Amino acid sequence: MPNDTLTVTTSTSSYPVIVAEGALHDLPQHLANLAIKGRVWLISDTTVFPLHGLALCERLRAAGYTVESFALPAGEASKNGAQLGQLYDWMLGGAVERRDIVLALGGGVVGDLAGFAAASVLRGIALVQLPTTLLAMVDAAVGGKTGINHALGKNLIGAFHQPRLVLADTATLASLPPRELRAGWAEVIKHGVISDARLYAELQNLAADLRHPALPDSSEGINWTPGDPRLTAIIRRAVAVKVGVVIRDEREQGERITLNYGHTIGHAIEALTGYGTLLHGEAVAIGMHAAARIAACMGLCDLGLVKSQRALLHAYGLPTALPAALEHDAIIATTLRDKKVEARNVRWVLPTAIGNVVVRDDVPEALVRTALS
């Protein structure tokens, strides 16, 4: 494997995670290396497919593969049972076989939905994740979590289904809308806070080098130029954090819960505002700020961490304030439906220092209200 490859090895599987500019061009060779001989079922969305899917289908067909393609409506609202049913109808109606493979080309919505289809159709067929958003590259595409949303909460229905390969082509980020790119930085920053102080420092340095003239309070974020090698290097380092956690805890029985830093309140915000009103990374950024405030109120970290994280989130164009219309009672009630709840206690991932977090289930409700204020 090339030097830009990381490897996920768990009790159930082992697969490469490749982060490189132009990586999609080599997909046919990677599929050949995996001895994939069945049909290819490429699932994308209506935004990504015209940009990258058409050319990818042609490249695969030129290499001798039979390719079927399906474009979901773009956006978080598609991650539901109705869209999953359409995928089942398409695949089963097309006589999918167990030797076939699903390619998930797109962001986290496509990866989760296509991954769940691959995990469940015919009781499971092979999956390759081809993330085209920053958020999916550093988080959603790695680790085998698949699923759909429910009216009562985000990602409440799904399955673990590890891919055979993750191929993250950073060149696809050049076509990403600026808001989507900004949202992805939330997960990169999260990885620095929970596990990698050096990554966090590199993000601070990059923001200082590429800062927008109106920083730190501009919503525009950094002025990133496509092709900057620093971007690929930082993405690979952030992916390495996720890979390490998945290796040590494949099914979120322990350490993997730390990857949910900022997600407890973030998921509640998404559910209450309607999926898609705020992007996932935007909601997570707000959740990270609230979690840091909770940690400071509990004496787990100092206010310097809260201020530093807030400044870095703002430097990358991310929000930290709750939407004005949200009621605190509704947020707290929604957190009790979080997947991480045990015995009706919310398990909070809270920072103690940059690069380290703890999990606590003894956070008083009054303190949460204070952090949300």
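Biologist: How many salt bridges are there across the interface of domain 1 and domain 2?

Modeller: The rule finds 4 across that interface, a salt bridge being a side-chain nitrogen of Lys or Arg within 4 Å of a carboxyl oxygen of Asp or Glu. Note that this is a predicted model, where local features need pLDDT of at least 70 and side-chain atom pairs count only at pLDDT 80 or more, while totals for chains, interfaces and linings use all residues. Residues are numbered from 1 along each chain as its sequence is written, and side-chain values use heavy atoms, with hydrogens and water left out.

Biologist: Where do domain 1 and domain 2 run?

Modeller: Domain 1 is 5-175 and domain 2 is 178-372, with bounds from an automatic or database domain assignment. Their centres, taken over C-alpha atoms, are 25 Å apart. Each domain gives 35 residues to the contact, meaning heavy atoms within 4.5 Å.

Biologist: What area is buried between domain 1 and domain 2?

Modeller: About 3,100 Å², with 65% of it from carbon and sulfur atoms. Buried area is the accessible area (1.4 Å probe) that two parts lose on being put together, summed over both.

Biologist: Which element gives the largest share of the domain 1 side?

Modeller: Helix 5, with 6 residues. Helices (H or I, at least four residues) and strands (E, at least two) are DSSP runs, numbered from the N terminus.

Biologist: Changing topic, how many salt bridges are in the whole structure?

Modeller: The search finds 19. Among them is Arg39 with Glu68, whose closest N and O atoms are 3.5 Å apart. Arg39 sits in the loop between helix 1 (27-33) and strand 3 (40-45) and Glu68 in strand 4 (residues 67-72), so the pair ties together parts 29 residues apart in sequence.

Biologist: What about Lys145?

Modeller: Lys145 forms a salt bridge with Glu252, the closest N and O atoms being 2.5 Å apart.
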